[in-house]
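Thanks for asking me to look this over. Please keep the structure open beside you as you read.

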Amino acid sequence: MEELLYWLGLAAVGVSALTGALDAGRKQMDIVGLIMVGLATALGGGTVRDILLDRRPFWLADELNLVVAMSTAALCFVVARRWRLPPRLFLIPDAIGLALFTVVGTQIALQYSTSWLAASLLGVTTGVVGGVLRDVLCNEVPLLFMRGELYATAAWIGALTLLALQALGVSPVLAAWVAMGVIIALRGLAVIYKIRVPIFREKGG
Amino acid sequence: MEELLYWLGLAAVGVSALTGALDAGRKQMDIVGLIMVGLATALGGGTVRDILLDRRPFWLADELNLVVAMSTAALCFVVARRWRLPPRLFLIPDAIGLALFTVVGTQIALQYSTSWLAASLLGVTTGVVGGVLRDVLCNEVPLLFMRGELYATAAWIGALTLLALQALGVSPVLAAWVAMGVIIALRGLAVIYKIRVPIFREKGG
Amino acid sequence: MEELLYWLGLAAVGVSALTGALDAGRKQMDIVGLIMVGLATALGGGTVRDILLDRRPFWLADELNLVVAMSTAALCFVVARRWRLPPRLFLIPDAIGLALFTVVGTQIALQYSTSWLAASLLGVTTGVVGGVLRDVLCNEVPLLFMRGELYATAAWIGALTLLALQALGVSPVLAAWVAMGVIIALRGLAVIYKIRVPIFREKGG
């Protein structure tokens with residue numbers, strides 16, 4: 001499980017750096033800006049989680065994360081200057097990054113003797129903060145706050161699924177894969193069907 | 001005093017979650033968004049203080065805070081869907097939250113061998129950060145930065161009052177109540193009379 | 001070297017508080033707002049660095065920093081109400097603050113057994129965060145994200161210069177002065193000639 005978490009975390013860093021670099025590229029940022037947005041997207045969520053848990057940030061503890069994030073962003077700069085990608089494609093690595101980070105974040109939080117409630121919220125934090133930073137740095141409305149996107153909702157349901165399956169005795173590895181599938185499926189359904197959760201009041205003050 | 005601080009902190013979490021949920025509700029956020037804004041408002045200021053003091057965030061150390069914040073926000077969702085509240089009513093729990101958090105934050109900072117100056121600034125931080133997060137997440141200009149609101153000013157004068165009274169030998173419990181009264185009174189006067197403090201230059205460059 | 005770092009850090013706090021106060025003054029903030037923006041500009045970058053390195057924030061460890069930041073901002077309020085300064089003058093203390101903070105931040109990160117890559121990034125963080133906070137609080141587009149400003153680029157090249165010179169055996173003190181010179185020179189050239197670094201794609205999606 002430890003090893004799986006490690007590789008999932010590294011994969012999450014890569015796909016998140018990719019989404020950050022793609023977004024920064026669309027905004028015509030230069031290469032330094034693009035690398036910075038890539039780093040913020042890839043490392044932001046885990047850094048907030050680590051600071052809340054009073055851990056050394058994961059990318060200072062294991063700098064391979066830093067190298068993966070920077071080289072993905074730099075590669076993206078070189079490759080994507082040639083090919084033009086449809087913008088919606090960007091939602092696929094974004095959903096994968098959300099799923100991976102949420103599961104990894106929840107698992108790491110559990111190791112620090114937090115309750116299931118706190119662990120699930122720290123998992124959601126790990127999952128969403130990078131994307132919020134990316135959207136703010138690229139001057140877009142964060143996906144997190146767009147109605148019908150089910151962004152935090154998908155992450156939270158995934159984190160709770162992970163915790164429930166483990167409590168029922170399912171192996172952590174299987175639980176992790178199921179939870180990631182739940183998050184990606186919910187995000188996919190939300191993007192395709194624009195699902196809505198109940199709101200406070202249709203006509204606000 | 002310890003016990004008073006504990007209950008004041010919990011009360012501050014509750015009223016702040018209420019203001020966050022009310023604000024998110026007015027912006028027609030769904031229930032997940034509403035709970036997230038409630039959590040950020042209720043826990044943001046104390047979390048920043050705890051990270052600066054290198055303490056475990058208070059809501060991870062005592063998860064009752066988390067439960068209070070979430071259930072207040074959820075209750076607010078259920079109740080306020082029925083009744084319509086005048087928006088200005090929202091300023092009352094906001095002022096109470098500011099007063100409680102500032103006093104609790106200043107006292108906690110003092111326990112970590114900070115000077116009176118740093119303690120008062122950490123108190124102000126505890127008081128204002130939650131409200132700033134709420135206003136930013138709800139896409140409003142933070143009350144903190146609106147002229148004539150005396151937001152940070154009220155908190156700072158309250159924190160300094162607390163420290164001065166304690167230095168003069170007044171019991172910490174009495175000093176805390178007086179300081180909270182000062183903050184609420186100043187905010188009330190500012191809202192009613194739009195008091196202004198001296199500004200840099202009437203006609204800016 | 002230790003002593004040089006200390007004084008450079010204190011100087012960086014002073015000039016950054018100055019830029020924050022000038023900017024807040026131009027936006028007609030009152031004295032409390034002006035001091036808050038000055039504090040955020042002067043202390044923001046180093047605080048983020050210290051939290052990432054799990055150090056006590058430098059202004060809680062040595063409160064002289066707090067006193068310098070607050071008194072500079074307060075002095076600026078008194079002095080600048082009388083004299084009117086051309087807005088572009090503001091770019092000079094800003095460049096000095098960027099250079100000083102980047103060099104100090106990189107050196108401090110090195111003491112915490114980070115790699116050269118992480119140290120340079122923490123140096124850039126120390127250099128740029130204060131200015132970003134200032135610009136956000138004053139509701140301006142951060143200089144960091146304006147094309148042709150070479151803001152983060154200048155800081156990063158400076159940090160890498162510092163590390164390269166030290167690796168080549170140059171004395172840390174000399175390397176620090178050269179690196180600061182590089183940063184200030186690059187910022188000066190960028191402001192005068194609006195230099196651009198390669199961008200992702202001239203015509204974005």
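Predicted model: local features only at pLDDT ≥ 70, side-chain atom pairs only at ≥ 80, totals over all residues.

1. Residues are numbered from 1 along each chain as its sequence is written, while chains are lettered from A and ligands numbered from 1 in the order in which they are written.

2. Helix α8 of chain B covers residues 172-193 (helices are DSSP runs of H or I, at least four residues, numbered from the N terminus).

3. The buried residues of α8(B) include B:Ala179, B:Ile183, B:Leu186 and B:Ala190 (buried means 20 or more other C-beta atoms within 10 Å of a residue's own, exposed 12 or fewer, with C-beta atoms placed from the backbone). Seen down the axis of α8(B), the buried residues fall within an arc of 155°, so they line one face of the helix.

4. Turned away from that buried side of α8(B) are the exposed B:Val173, B:Leu174, B:Ile192 and B:Tyr193. After α8(B) comes B:Lys194, with a positive phi near 50°.

5. In chain A, the axes of α6 (116-137) and α7 (151-167) come within 9 Å and cross at roughly 135° (axes are lines fitted to C-alpha atoms over the stretch in contact, with angles from 0 to 180 degrees between N-to-C directions). Among the residues making this contact are A:Gly123 of α6(A) and A:Ala155 of α7(A) (contact means C-beta atoms, placed from the backbone, within 7 Å).

Methods: Helix = DSSP H or I, 4+ residues; strand = E, 2+ residues; numbered from the N terminus. Expected span 1.5 Å × (residues − 1). Arc of directions from axis to C-beta. Contact = placed C-beta atoms within 7 Å.
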